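This briefing covers a model with several chains.

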Amino acid sequence: MTAAPAQALLLASMLFALGLLGVLVRRNLLFMLMSIEIMLNAAALAFVAAGMRWHAADGQVMFLMILALAAAEAAVGLAILLRLHAAGRPTLDADTGNRLKG
Amino acid sequence: MLALLPPLIVLCPLAAAAILLLSAGRMPPPAARLLAAGAVGLAAALTLWLAVRFLSAPPPAHRLDVVLWHWLRVGGFDARIAFTLDPLSLVMMLVVTGVGFLIHLYACGYMRGDPDVARFFACMTLFVAAMLVLVLSSDLLCLYVGWEGVGLCSYLLIGFWYAEAANGVAARKAFIVTRIGDAALLCGLLLLATRTGGLEIAGVLRSIQPGGPVAEAAAALLLGGALAKSAQAPFQVWLPDAMAGPTPVSALIHAATMVTAGVYLIARLHPLFLAAPAVMTAIAVLGLVTLLLAAGSALAQTDIKRILAFSTISQLGYMFLALGTGAWGAAIFHLVTHAVFKALLFMAAGAVILRVHHQQDIFRMGGLGRAMPGVFAAFAAGAAALAGLPLVTAGFYSKEAILQQAWRAGPVLWAGALLGAFLTALYISRCVFIVFLGPVRTAPTGRTEASMAIPLAGLSVLALTGGLIEMPDAIAPVHLLFRLLAPVLGPPTTEGAEGGAGVLLLAGALAPLAGIAVAWGLWRPRAGAPAPADDGLARAARAGWGFDAAYGLLLVRPFLALGWLNRRDLFDRVPDLLAAATRWGARLLGRMQDGQVRRYAGWIAAGTVAALCLAVRP
Amino acid sequence: MMALYALVLLPLVGAAAAWLAGRASPRAPWPVAVATLVLLAALLAYITWAVPAGGGPWLAHASAPWIPALGITLRCDMDGLGLVLLWLTVVLSFPCVLLASRDITDTPGTFHALLLATIAGVDGVFIATDLFLFFFFWELMLVPLYVLITVWGHEDRTRAAFKFFLFTQGSGLLMLLSILGLAFVHQQQTGILTFDYFALATTHLSPVLAMGLMLGFFVAFAVKLPVVPLHVWLPDTHTQAPTAGSVLLAGVLLKTGGYGLIRFVVLLFPDAAIRFAPVALALGALGILYGAWLSLVQDDIKRLIAYSSVSHLGFVLLGVFSASPLGVAGAVVQMVAHGLSTGALFVIAGALQDRLHTRDLRRMGGLWPALPHLSATGLVFAIASLGLPGLGNFVGEFLVLLATWRISPPIAILGAAGLVLSALYALTMVGRAFLGPPPGDGWPALPDFGARHMAVLGAAMALLLALGLYPQPVLDLSLPAPLLHSALPHAALTGGPRP
């Protein structure tokens with residue numbers, strides 16, 4: 001099955017917009033992290049599509065890179081989340097995050 | 001040798017002033033007195049010697065130029081510190097050093113006991129030096145040095161007793177008002193220098209084109225300076241207040257010498273003024289107006305020194321009237337006689353004031369003639385000369401010369417001057433009658449010192465006989481002064497060309513007599529204390545016809561009020577405004593940074609989209 | 001001639017020495033600073049003496065590469081104008097150090113080091129002919145002074161110093177833009193990147209570009225001079241600065257503005273300057289009157305003197321833009337005379353503040369009997385400040401007005417009106433501070449000026465008198481040397497090559 005790169009890019013941009021929307025409208029930190037994950041994967045999809053279009057391996061290299069990045073991001077993000085919870089925050093609401101001290 | 005003398009004569013008082021200033025009050029008063037009087041006396045003696053040498057063997061063209069050094073030479077402009085000795089400056093030098101010496105001598109007695117006598121004499125000698133520079137300069141810029149220098153000394157001496165706030169105010173007023181005229185004079189100099197490339201008097205006069213706008217403008221600007229310095233309308237307001245200074249100062253600066261600088265300036269530059277007929281008319285009219293206004297004010301004053309101050313303004317008005325009619329010689333003649341008799345009057349008044357415990361109100365004096373006959377005689381001699389008592393006083397001859405010229409210029413001017421002569425006799429007789437006759441109201445104490453009496457005696461003789469050097473043809477054809485001044489001021493006008501000279505002479509002689517008679521009728525000693533008139537007219541006259549109030553209301557107060565409103569500096573608010581705008585903008589932008597992660601993300605997204613749009617835009 | 005570099009290096013070395021001495025003992029920096037100044041005076045005397053006779057208008061020259069890649073050199077040239085102002089700097093440094101900074105107890109080493117560093121910067125400004133180097137010195141004199149005011153100033157010092165810094169720095173930035181613009185235009189035309197003053201002077205500029213670049217320079221110098229709408233930093237800064245800072249600021253730093261106007265505005269952009277002259281003349285007249293007017297209504301004596309500076313320096317602007325040797329000579333004389341008279345007035349105002357702990361004229365009065373020497377010197381310098389003929393200020397003002405009258409009599413008349421106002425504020429100051437009755441029940445015993453003050457101020461007075469009665473040496477020196485390469489169009493301004 002072959003999809004035109006244009007279609008893949010359209011899908012990627014839709015996914016990216018979806019992720020962005022999620023970051024902007026969801027207040028729950030967990031969901032925000034998931035939305036960021038979606039955005040990253042959208043970007044990765046765009047890379048793969050572009051690599052296919054130009055018949056270059058660079059796109060897949062970048063995909064692997066983004067995969068690693070996303071994993072690291074998720075690890076750090078979730079770690080922060082757990083620390084916040086451990087520090088006794090009752091909520092995962094991102095809008096209360098501006099009251100951090102120290 | 002002769003050329004060395006003028007700088008030397010200037011140097012005498014200048015050196016004394018420098019020594020007195022640098023000694024910074026450490027010099028004992030007797031030494032200060034001796035130094036000052038000695039220096040001015042030496043200057044007077046040298047001047048006398050110079051005069052004898054000059055008259056016995058006049059230099060070519062009756063002038064002697066002494067160039068001391070080049071002052072400014074840049075960009076085609078050249079000014080020098082240079083002196084010219086000619087008959088006019090010689091006459092002025094004689095007045096300045098001669099009368100100046102007598103006044104210094106008098107001041108030695110008058111200022112005895114004042115702890116600051118060194119400062120006093122430092123300023124006095126500095127004044128004499130500056131005045132000599134003024135009358136000797138052959139370059140207008142050099143003259144301006146003396147012109148401002150005498151103004152400065154006047155300021156310092158009016159405010160000599162500085163602990164009294166009013167004295168300081170009077171001193172400042174005198175300086176500022178004359179400074180306004182000085183600024184006009186400076187503009188005149190700028191105009192002349194631009195036109196002629198230099199300010200050497202002879203060169204300036206050569207380059208004048210009669211009737212042109214330059215001549216008119218330059219003459220008008222110079223006239224501004226002369227009017228302010230000589231306390232003529234509309235600048236006359238400073239002189240009465242200047243009486244706050246010690247009496248010798250009033251005699252020297254505000255009667256005999258400095259205030260006549262304006263007259264000297266116009267006489268010195270008379271070809272320029274001849275080339276500006278409109279300005280000449282203005283001089284005559286202003287002179288006449290001042291003469292009558294000031295005489296009226298003098299009639300209503302109660303302070304003896306203010307009477308004399310207004311009288312000085314009025315007499316200077318005579319000189320300006322003479323200048324305006326082209327009678328340069330007559331103006332200088334009256335300048336000389338006025339210097340003598342007004343200095344005499346001031347010094348006699350000072351002697352009176354010292355004896356009656358610094359009382360200056362004439363209505364608290366009275367009957368002083370019996371207690372101090374010598375001073376009375378001196379004051380009477382001065383008063384007679386001021387009134388112009390016919391034949392026996394100097395003032396009569398000089399005033400007569402002016403009246404003759406005024407008649408030639410126009411009957412209106414003549415009538416005004418005649419009225420002035422009547423008023424002069426009236427107010428000075430009032431002063432004499434109230435102060436010296438009648439019952440004693442303040443008993444005098446002490447004695448008048450010899451150092452004060454000698455100058456009084458000397459000036460009395462001069463006030464009575466000094467006029468004999470120059471007489472109308474109808475009395476005797478003596479023209480010593482006019483002939484002496486002829487090389488500078490032109491040949492004397494032929495007198496008695498018209499038939500009515502005798503009648504004019506008679507009128508001029510009768511006016512002062514009538515004034516004295518009326519004064520006798522009004523203020524002769526009677527039972528009961530005389531009191532100053534207190535109706536509206538008298539009050540207006542006493543206040544100098546409201547010039548002071550008008551200037552205060554129209555100029556000084558609005559100027560100061562506006563300045564006070566703006567004292568925080570309008571322009572300083574502009575940066576404040578900028579700072580406020582910055583702060584406000586920062587607060588606005590700071591709102592974006594509220595710690596809301598989602599809002600940040602939104603901004604990031606919006607920014608990225610905007611950047612992409614910019615990048616993709618064809 | 002390497003001695004020109006020494007003019008800058010010597011104060012810098014002295015600054016370092018003073019700082020080190022201050023670490024050893026609090027009394028040590030003062031003698032070090034005095035010794036540095038004496039050496040500096042000797043050096044300048046040597047430079048003056050070593051000027052070859054008949055060697056043309058440029059009296060001394062020094063050049064060395066600095067950043068060759070950018071065409072920046074350490075080029076210094078000195079003409080008569082620079083020499084006069086260098087002498088003014090050295091002469092005025094003496095009262096700063098001899099009278100004002102002796103009593104500094106708060107880290108005197110740093111104080112003297114900063115003072116000397118400022119002097120080094122000023123010296124550099126007066127000799128640098130590489131525009132980049134000039135800008136470097138321009139900043140060098142600004143920063144130490146800023147610190148001086150911030151640390152040793154009076155009650156509202158931080159704000160005043162900040163204002164001073166912002167104004168000078170902001171306008172300096174405009175000048176930097178103009179310098180870079182000029183250098184780039186020159187590079188486009190010739191292919192050579194250089195900041196050399198004489199090379200840049202040959203750049204052909206379109207009228208609009210020339211006007212733009214000139215305005216960049218003009219604003220920088222106009223802030224420094226100061227010209228009226230841009231003067232607002234000056235009263236605050238003067239009021240809050242320590243006495244030595246005020247003296248240095250009024251006496252010397254303001255003169256860099258006048259110097260810059262002559263050297264980098266009128267000579268570098270002659271055509272644009274002539275087109276701009278009407279505006280500049282109007283600003284000059286405005287400055288004279290506005291400064292004097294505001295000076296009259298101040299209650300703070302240092303503020304009064306500061307506004308009088310604004311008024312006096314309006315004459316400098318008039319003279320510079322009158323486009324005649326007469327006016328430029330007058331402007332230079334005015335700068336020198338203003339430096340001496342106003343510097344002395346600031347010394348006196350500072351001494352009053354030390355004694356009375358106030359600058360408020362409403363709380364003074366009747367000081368003459370209590371402080372006869374101080375009051376007498378105050379009177380003398382106030383009289384100099386009001387432009388009495390025979391003293392230096394009059395010569396400057398007269399020449400400027402004469403030059404102005406030739407091109408615009410109304411402006412000259414306004415300037416002459418400023419003379420009336422100057423008398424008004426000077427005498428008002430004297431009257432309110434020294435004369436009249438003392439407030440309350442008289443003054444307690446106050447220490448009068450001693451021999452040191454009288455000697456230094458007496459010397460300033462003697463210089464003013466000499467400048468007023470025989471200004472010819474300064475007048476002869478004060479014409480700026482023509483540009484080496486294109487002397488002809490400026491012959492009218494510089495009077496051509498001098499014999």
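Predicted model: local features only at pLDDT ≥ 70, side-chain atom pairs only at ≥ 80, totals over all residues.

Residues are numbered from 1 along each chain as its sequence is written, with chains lettered from A and ligands numbered from 1 in the order in which they are written.

**Chain contacts**

- Of the two pairs of chains in contact, chains B and C share the most contacts; two residues are in contact if their C-beta atoms, placed from the backbone, lie within 7 Å.
- Chain C contributes 44 residues to its contact with chain B, and chain B contributes 40 residues.
- On the side of chain C that touches chain B, α16(C) gives the most, with ten residues; helices here are DSSP runs (H or I, at least four residues), as are strands (E, at least two), numbered from the N terminus.
- That side of chain C divides into 34 nonpolar, nine polar and one charged, where Ala, Val, Leu, Ile, Met, Phe, Trp, Tyr, Cys and Pro count as nonpolar, Asp, Glu, Lys and Arg as charged, and the others, Gly among them, as polar.
- Chain A and chain C are joined by no contact, and their closest C-alpha atoms lie 31 Å apart.

**Nonpolar cores**

- The largest nonpolar core has 443 residues, of which Ala343(B) and Leu344(B) touch the most other members; a core is a set of buried Ala, Val, Leu, Ile, Met, Phe, Trp, Tyr and Cys residues joined through C-beta atoms within 7 Å.
- Helix α15 (residues 328–355) of chain B supplies the largest share of this core, 20 residues.
- A second, separate core of 17 residues includes Leu20(A) and Leu33(A).
- Beyond its neighbours within four places in sequence, Leu344(B) is in contact with residues including Ala378(B), Leu456(B) and Ala463(B).

**Helix α15(B)**

- Because 27 of its 28 residues are buried, α15(B) is largely enclosed by the rest of the structure; buried means 20 or more other C-beta atoms within 10 Å of the residue's own, exposed 12 or fewer, and partly exposed in between, with C-beta atoms placed from the backbone.
- Just after α15(B), His357(B) has a positive phi of about 60°.

**Annotated domain**

- An unreviewed UniProt entry places "domain: NADH-Ubiquinone oxidoreductase (complex I) chain 5 N-terminal" at residues 71–121 of chain B; such annotations may be inferred rather than shown by experiment.
- Residues 71–121 of chain B are 57% helix and 25% strand, with the end C-alpha atoms 29 Å apart.
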